[in-house]
Amino acid sequence: MTEHEREHVRVAVIGSGFGGLGAAVRLRREGVTDFVVLERADSVGGTWRDNSYPGCACDVPSHLYSFSFAPNPDWPRTFSGQEHIRAYLENVADVFRLRSHLRFNSEVKMMTWDAERLRWDIETSGGSYSADLVVSATGPLSDPKVPDIPGLDSFPGKVFHSARWDHDYDLRGKRVAMVGTGASAIQIVPAIQPEVERLTLLQRTPPWVMPRVDRPIGGAERALHRALPFTTQARRGLLWGLRELQVQAFTKRPDELGMIERLARRNMARSIKDPALRAKLTPDYRIGCKRILLSSTYYPALARPNVDVVASGLSEIRGSTVVAADGSTAEVDAIVFGTGFHVTDMPIAERVVGVDGRSLAEAWQGGMQALRGASAAGFPNWMTIIGPNTGLGNSSMILMIESQLNYLADYVRQLDVLGGQVALDARPAAVDAWNRRVQQRMERTVWNTGGCTSWYLDASGRNTTIWPGTTTEFRKATRRVDLMEYEVVRAQADKKAENGETKAVDDDKRDEVAV
C-alpha cells in the first residue's frame, strides 16, 4: 500500500465503548483533534451494544457507572438497564462532538510497528491507517467464549451466546438449556423462565447472590439532580466512598467476609425452601472469590416447577440431548451459553505486532502484564485501557478507566515535551517491577485465597485481571508518566542527539517502582 492510500493520524483509538469514548473525550480536552476511533460494529456502545439479552442491566449503581465529566441526572433506575446505558454512551458521543472521529465497520485486522517511521500501520476492514500512538480500548468483555463441547456442531436446535442474543428466535414454549451461572445468566434466567416450557440450568459452580436493591428514580429526584448538579456529585461520591471502605475486606482481610456470606445464605433461604436445591446452590468457597452477583429474582425463578438445576457442567451433546458431567440428561430445543468472554487471553493481542516482529500474544505467553496496566515492553506508543490487573471486584470500572485516561493524557504531554518524532517503550525492568509488586499484593486477597477458580485467573492460575487495591491507590499510581520507566525511542536521524540522555532503571530504582 502506498503512503497516499493510508490515512495518517496522530492517535488511533480502538473501540467505542466506555474506554474508547472516554479516551476520545480526553484527547480533545488535551487539544488533540487529529485522531480516529476505529469501531468494528456500526454504532458505539461496546459491551452495552453487544449484550442485549433479556434482563440485561448493570450491577453497579447508575450514578457511579458513568463518567464523572458527563453526569446524567436522568437515570431512570438506581441500577440501569442495557438500553439506558447504551443511550448514555450515544449521548456522550453527541455532546462531546465525537461523531466526526468515529469510523464504523472498521475492525482491526492487524497493527504493526514501523521502527523506521516510529508509527503504527493499521489494517482494518474499513480501510488502512497509520498512527503515532495507539490506544487500545477493546475491553475484556468483547469476545464471547463458547466452550468446545463434543456434539455441539450437530445439535439440531438453536445455539447462541448471551452476548450475541438472537432476538428473531422465540423462546416461548421451548425447552431451553442455560449453560453457566455468571452475571449474565442470573439476569437471563428470571427473564425467560415465565415464557419457556422447561428451563435446564447447567451449573458448574454456584455463585454467591445478594439482593438487588433496585428502584425507579422518581421525577422529583431527577429534577433535583438537574437543578442542583452538586447533588449528583454528592450521590456519586457516597456510592464511591462506601465501596472504597469495603475494599479492605477483599484485599487484606478475607476472613471478615463471613458476615456477608450469612446475609447471602439468608437471601437464598427466603426463596429456596427445598433443602436439596439449596444444597446445590450453596457455594463452597469464600464470598467475593468470584464476583458477587446481585439479583432479587434469580432464586425465585429457580424455585419454579418448570426449572431444573443440574449441579454439573455441560460435557456432551447427543442430538437434541444435553449431557452433564454427572451423567444427567435433558432434551432441549435451544442452548444459551452464558460462559463469559476471552478475558485473560485478549484476542486482539494476536493482531498487535511490535518490535522485532513479535506479537503481543507471544509476548504475553506467560501471562498478561503491562506497566501500570497500560504499556507493554516492546510495543512503543501502544497503550491499553482496561489492561492487565485493572479490573475491580466490587466497584465501578469507570473509576479505573478515568485513572487510565489521566495516564494517557500525561503520556501525550510527555511526547510533546520530548518533541520531534519520538516514542516511549516501557522498560522490561519497570514492567517486571510493577507486576511483581501487584502479584505480591494479590497473594492475600480473596480472589487468590478464596478457594475458587474464577475467570480472573489465567491458564496458569495467575490473577491477571483484578487490581489488588483501592481505586484511590490506582489513581495515584497513574497520575503521571515516569520517563525513568520508559526508553525514549527516536527516529534514526535523532538518535545521536539522544544517546546518553536517557538512563536505564537500575536495580534500586526498579525495586522502588510504587504500586
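Which strands does helix 4 lie across? Select residues 185–192 to see: helix 4 lies across strand 8 and strand 9, at about 165° to strand 8. Helices (H or I, at least four residues) and strands (E, at least two) are DSSP runs, numbered from the N terminus. Axes are lines fitted to C-alpha atoms, for helices over the stretch in contact (heavy atoms within 4.5 Å), and angles run from 0 to 180 degrees between N-to-C directions.

This is a predicted model: local features need pLDDT of at least 70, side-chain atom pairs count only at pLDDT 80 or more, and totals for chains, interfaces and linings use all residues. Residues are numbered from 1 along each chain as its sequence is written, and side-chain values use heavy atoms, leaving out hydrogens and water.

Next, select 175–179 and 198–202. These are strand 8 and strand 9, parallel and joined by five bridges. Click Val176: its bridge partner in strand 9 is Leu199. Two strands pair if DSSP finds at least two bridges between them.

Now widen the view. Five strands form an open sheet, ordered 7-16-8-9-12, with parallel pairing. Strand 7 (158–161) and strand 12 (307–310) are at the edges, each with a single partner strand, so one side of each has no neighbour in the sheet.

Last stop: helix 7, residues 258–271. Its buried residues (under 20% relative accessible area, 1.4 Å probe, protein chains only) are Gly258, Glu261, Ala264, Asn267 and Met268. They sit on the same side of helix 7, because they cover an arc of only 165° around the axis, taken from the directions from the helix axis to the C-beta atoms. On the other side, Arg266 and Arg270 are exposed, meaning over 50%.

Note on methods. Expected span 1.5 Å × (residues − 1).
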